[in-house]
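The exercises below are meant to be worked with the sequence and the 3D structure open side by side. Each task is followed by a solution that goes step by step.

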Amino acid sequence: MEILVYRPGKPKIIEGSTAADLPELLKDQSAVIWVDMESPTEADEQVLLDVFKFHPLTVEDCRENRHYPKIEEFEGYIYFIVHGVTADTSPDRFNTIELDGFLGPNYVITYHHEMFRSINNVKQLLRTTPIACQRGPAFLLHQILDQVVDFYSPVLDDFDGRIDRLEDDIFTLKRPNNQILLEIMDLKRSVLRLRRISGKQMDILHRMSRGEFSLIPEGMRPFYRDVYDHLVRVVDLAENYRDLISGSLEAYLSVVSNRLNEIMKVLTIFSAIMLPLTFIAGIYGMNFDNMPELHSRYGYYTVWIIMIVVAVGMLLFFKKRGWIGGSSREETPES
Amino acid sequence: MEILVYRPGKPKIIEGSTAADLPELLKDQSAVIWVDMESPTEADEQVLLDVFKFHPLTVEDCRENRHYPKIEEFEGYIYFIVHGVTADTSPDRFNTIELDGFLGPNYVITYHHEMFRSINNVKQLLRTTPIACQRGPAFLLHQILDQVVDFYSPVLDDFDGRIDRLEDDIFTLKRPNNQILLEIMDLKRSVLRLRRISGKQMDILHRMSRGEFSLIPEGMRPFYRDVYDHLVRVVDLAENYRDLISGSLEAYLSVVSNRLNEIMKVLTIFSAIMLPLTFIAGIYGMNFDNMPELHSRYGYYTVWIIMIVVAVGMLLFFKKRGWIGGSSREETPES
Amino acid sequence: MEILVYRPGKPKIIEGSTAADLPELLKDQSAVIWVDMESPTEADEQVLLDVFKFHPLTVEDCRENRHYPKIEEFEGYIYFIVHGVTADTSPDRFNTIELDGFLGPNYVITYHHEMFRSINNVKQLLRTTPIACQRGPAFLLHQILDQVVDFYSPVLDDFDGRIDRLEDDIFTLKRPNNQILLEIMDLKRSVLRLRRISGKQMDILHRMSRGEFSLIPEGMRPFYRDVYDHLVRVVDLAENYRDLISGSLEAYLSVVSNRLNEIMKVLTIFSAIMLPLTFIAGIYGMNFDNMPELHSRYGYYTVWIIMIVVAVGMLLFFKKRGWIGGSSREETPES
Amino acid sequence: MEILVYRPGKPKIIEGSTAADLPELLKDQSAVIWVDMESPTEADEQVLLDVFKFHPLTVEDCRENRHYPKIEEFEGYIYFIVHGVTADTSPDRFNTIELDGFLGPNYVITYHHEMFRSINNVKQLLRTTPIACQRGPAFLLHQILDQVVDFYSPVLDDFDGRIDRLEDDIFTLKRPNNQILLEIMDLKRSVLRLRRISGKQMDILHRMSRGEFSLIPEGMRPFYRDVYDHLVRVVDLAENYRDLISGSLEAYLSVVSNRLNEIMKVLTIFSAIMLPLTFIAGIYGMNFDNMPELHSRYGYYTVWIIMIVVAVGMLLFFKKRGWIGGSSREETPES
Amino acid sequence: MEILVYRPGKPKIIEGSTAADLPELLKDQSAVIWVDMESPTEADEQVLLDVFKFHPLTVEDCRENRHYPKIEEFEGYIYFIVHGVTADTSPDRFNTIELDGFLGPNYVITYHHEMFRSINNVKQLLRTTPIACQRGPAFLLHQILDQVVDFYSPVLDDFDGRIDRLEDDIFTLKRPNNQILLEIMDLKRSVLRLRRISGKQMDILHRMSRGEFSLIPEGMRPFYRDVYDHLVRVVDLAENYRDLISGSLEAYLSVVSNRLNEIMKVLTIFSAIMLPLTFIAGIYGMNFDNMPELHSRYGYYTVWIIMIVVAVGMLLFFKKRGWIGGSSREETPES
């Protein structure tokens, strides 16, 4: 448990307070107290129950690590859960970690099971410019949320790049390939998860910015609306990516189907040319006693000519159908 | 019919009362009376009508066993139906059993046609820690509902595992296989049912937790909201699974389609190599009198060389198209 | 026109009144008068306009036979249209007939162009237990609606059976078959119609049960809510069936596609084995003067051995690819 | 510009007034004045601005001819746009023409760029039974709207017939045919347009019938509700047709896919029978010196027997797979 | 920064004021001041903060260039973002540029990073007819928005033409072609983006036209409603195009699938005719000593007759199946 205390007028954040100091600190209504709990111990949780008198169910919710973003108002404090992206999140494996927290009249409490990049950034900021606390705990919370949401941007950019590359892969694919299919499925799953999480987060920020909670004063609302706008953009991009990925799947299936057409065309052309020629050769391989052609002087050469005529006729037939020739241009994107 | 009575201050739950004691027991407004009816007799139902004066239609609804979760408020009591998962529920056959019940000012009545695991758990709990009743019948009902919803978790985990295995099966499938299709359809049906039931249940808990019913006092709401949050998660997971299963079907169809491509490619390669060779052999199987090549000394060997050149040429053509070679890497996921 | 009159205290329903008696009968506010019009004459319709003073548009709506379920409140009466299932309704041809009606302070009027089974049932009931009218016209109407909705149940059960059989047909289908496709389309159309009609009916009952109409007193609401619950179930099942039928179509298409794979596999295996063997035979059918193998003593037998090796090699190749062998188990569902 | 004036008590509609008479006519609050402008001149439009003092934007909206149905209330008048079907509308090319109009306390103005069938019908009606105007301008407007909506019915019937014929075409189709595809696409486009236009029109009538506009008195509402009901039916049928057409597309694709199966089956059966026989013939066409069978007396006949056995065996194999035989019944729908 | 000032009564717009004049200018409540910032400098932004006292977050939003259309009310001014189409927008690459702006009691501020065509048009208009400013800043803003939305029309027309051409390309396509697929995907992406942007813009205009903001007086609402109507049409067309493009994809896939059928039919016909003939030739190529037919005088000719009969029989069989003949008409659209 790490405690940062800002007192108006003081040039620096006071650090190093312990749980035992909290009751005293909380009495100062003008201070802004930030209690950050990283991988909290049971003693830490006891502080939440005993010192802050939070509802036991909220503390239990903190401890468990599988909730969706939500916000609940209690008498004198707000309890919230938001999700930040993990450092190892990639477009095909979108992961989030939970950040639980409480906002009170003169304190913010954050609770997380792992290192949380946004929290560290805000701490760093406070140490250098403690003035950021001057506007009260709601502004401090806004800064934490702003940081949490900022970390979504690089992930979205990654999605962008990944989908672009995916589409290139689809159109240059040499053979129908389950790898691409697997990638599409992974991306789709990630993007659905991103959409779901950020959508719930957006709802929370919407409620925060429209003045539903008296702990967030009216002057703070434009700041929360700013975070809300950011999340609207995240949700919108997520929906956009979802559409693009669906389109990719359709494109992939269509490319595979075009490929089948190509294969069948090759087979048909080969068969249609070779089968009649083989049949003609078969005719003159028969052993009838009475086959005048066999004894004709130019029989053999005539047969060659017939064969060439048949082959060329077939080629022209397929050319007319548009199956061969003139194809160099059109086939470029696929071969 | 089993009656459990808690009286404030008494260290133990009183069991063994009979229907005849009920009118007397109900007069004590401070007691918490739980009447559990497992496979109730007609006499039991008569008690509901005569002693509790419940609306005849609700008692009829109890008796019938095919309702959806619902909640209705009557004068002085609430009637509800929730669904618990059966002990034999599996991801490809999701089943629920109905739990009917009534909540009154000092009583909870539960009514079910079969053994109900959650009910037994709560009874066990009350026997060991009767204090759980201290907070009144709404808290007792919360505990029952909490248990009912808790039993959904293992089913959801089963879904998770099943879908993972299904996807493995799809990508390693040796042949297009109707078994997988049947499994996808069963899972889809189950998950739709799960979504529907838990969605309706969620609505009920939402109404309970937002203070719509005066029989659920305000202090109880965070507890009901807790169950509600749990159901939100269930619904969310169900939607997630539905998306994953839809994705599996798409993947399955695509894998089958890739497989067809592979088959056609093999056929085309074989035909395109063998047909010209057979044709060449056919040429020199003709019986014309005048075929100079036949009498050439190295004619036979020349033909072999031509054939090898043709075959190699074909192989190079298909290699250039990307149909063979370099394929070992790409084909791994499918063969 | 058939008139049934219930007077409180009278042991039997009075039948046989004529249109001319109606003005007199309607004066008795405590009576319950049911006027049932089956295939009404113009004189009957004139009664609606002259005696009951209904809005001309509603009487016109009655006469026309192509409306959707609806309910409209006028000064002093309610006009409604509900749909009952016809006796010959089957899952692949879902038909309904219209029942128009009016509910007034002391009368119920029903209007239908054909024999209506539910109406007959309620009449029979009233003749044996006239007490059913004691609770007023709203209760009488409830009983009619209850009967109308009850007749939906067997149709839903038929759907259930039909869809089950359909799925069996799909998975055991010997050849892709347009008959199955036609059946799927018929079922889908029926179920969409069922969904639409019962959805509109549900809305009407919802409005009736939530106390929107003063002609339906509060004590009646649980009874209407009961019919409403029934319709919720009908709608829910219809949605369920719609999902199942969509699933069936997907399954059918997938089974057809698997079948194509099977066919292509057979073709490929045959071609890939036979073409090389035919080629080898072709080689030694050539007529070159100088073909040493032809004169070798064991040439012929050697060729046979080579052919067998090639054929077995091909079979092993396809077995390795999973195209043949070990297939007995997997193919069971399809052949 | 054509002006029809009804004065209470007068037996006939007064026609032949000109724009100049309008200011005088409008002073009579008890009259009903209908100004119909077909392909209006600029002078006509000036009347709208100068005499009626309509908002310039509404007059501009009238002039432009590409708006969706809408209704707007201004001080003292209502401005509306509805769409009527054109005389040449067909299911594969659904067209509408705009009817703009104004409803004031004692006048109705209609504005259209082309001949409008519904308008002519209502005029004809007024000339024969001027009493229709007795109920005021709102009733006159109702009659115009009723006529406009009535003209949708034959179009809907055409859709019905077209879709039926389309489905017949699909199931009897001899070859996959882009013509059918084009027709499906045209129908779909038409039905989407019909759905969109009638949906917006329905919203307008809904607003008119629920008493939102004071210019439509309460006694008129059942009449507007009647038109609204009619539009509800149109929208419902449009949705129904959209579903049917989607189903047709699925059916078409499935029939095409079945057809491919049939083709492949024929190919496979032929190849699988002919290739082994050709191979056998090839064997005994080899020229080895030492081939004892060739010199056997019954060798040739034995080979014939072997070939027949192979051919029959193949046929039985395919019969067992259900590819041939017993097919006459099943193939009927497709060939 | 360019400043245009309109003073009532003055015949011309006053141009050429600088930032330093602004405080003085703003004092005149009857003036209409338009400050247009194209690619603003930091000094310009400082004016927004210092002179106009806008919220710092809004100025920051102006500077960043990746927001969605939105509108926010602050004390004394409205902040909005709308999107105009870029000059180089084409149906397969739909681009927009952001226009930020503020509306105050006597000023309009526009802020954009690039040249904005609509802005230039309105400026030109003001210079020639300064009277357009007479109705106040809300009317000036309306004119800017009207221009912005007007520029959407040509883009929509382009879409129309593109989709028409796309459908032609699909039905005349000679070979399955990934180019068409790419084009469909680009169009779909564009149209989704158009739908999204114009939908958000429509919401903003809806809020502006329904009287939510006191800075837009009631007399202005019909003008804003006019722009709103225009956007409704844009959104509607965008949805229409989205449907058409989806239809195109389906058509494309279906045409590709028809093409596969054609190819397979050609292959099957060739194989089914040639394989039996080749087999017959193979028979009489066998070298059995005892083959009486070989020595028959007319054996060779008989075999030819048999072959012709087989070939004609096959052709008749395929004709009966509808695979050949009578096809000239039906194939026209595809070859």
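**Exercise 1.** Determine which rotation and shift superpose chain E on chain A, and where chain E comes nearest to the axis.

*Solution.* Chain E is brought onto chain A by a rotation of 72° with 0.1 Å of shift along the axis, at an RMSD of 0.1 Å, the superposition being by least squares on the C-alpha atoms of residues with pLDDT of at least 70 in both copies. The two copies are therefore related as by a five-fold rotation axis. In chain E, the C-alpha nearest this axis belongs to E:Gly285, 4.6 Å from it.

Before going on, note that this is a predicted model, in which local features need pLDDT of at least 70 and side-chain atom pairs count only at pLDDT 80 or more, while totals for chains, interfaces and linings use all residues. Residues are numbered from 1 along each chain as its sequence is written, chains are lettered from A and ligands numbered from 1 in the order in which they are written, and side-chain values use heavy atoms, with hydrogens and water left out.

**Exercise 2.** Carry out the corresponding analysis for chain A and chain B.

*Solution.* A rotation of 72° with 0.0 Å of shift along its axis superposes chain A on chain B, with an RMSD of 0.1 Å. In chain A, the C-alpha nearest that axis is that of A:Gly285, at 4.4 Å.

**Exercise 3.** Describe the surroundings and the pairing of strand 1 of chain D.

*Solution.* Strands here are DSSP runs (E, at least two residues), numbered from the N terminus. Pairing requires at least two DSSP bridges between two strands. Strand 1 pairs in the antiparallel sense with strand 3 (residues 32–38) of chain D over five bridges, where D:Val5 has D:Ile33 as its bridge partner. Strand 1 also pairs in the antiparallel sense with strand 2 (residues 14–15) of chain D, over two bridges, and there D:Leu4 is partnered by D:Glu15.

Note on methods
Buried means under 20% relative accessible area, exposed over 50%, partly exposed in between (1.4 Å probe, protein chains only). Helices (H or I, at least four residues) and strands (E, at least two) are DSSP runs, numbered from the N terminus.
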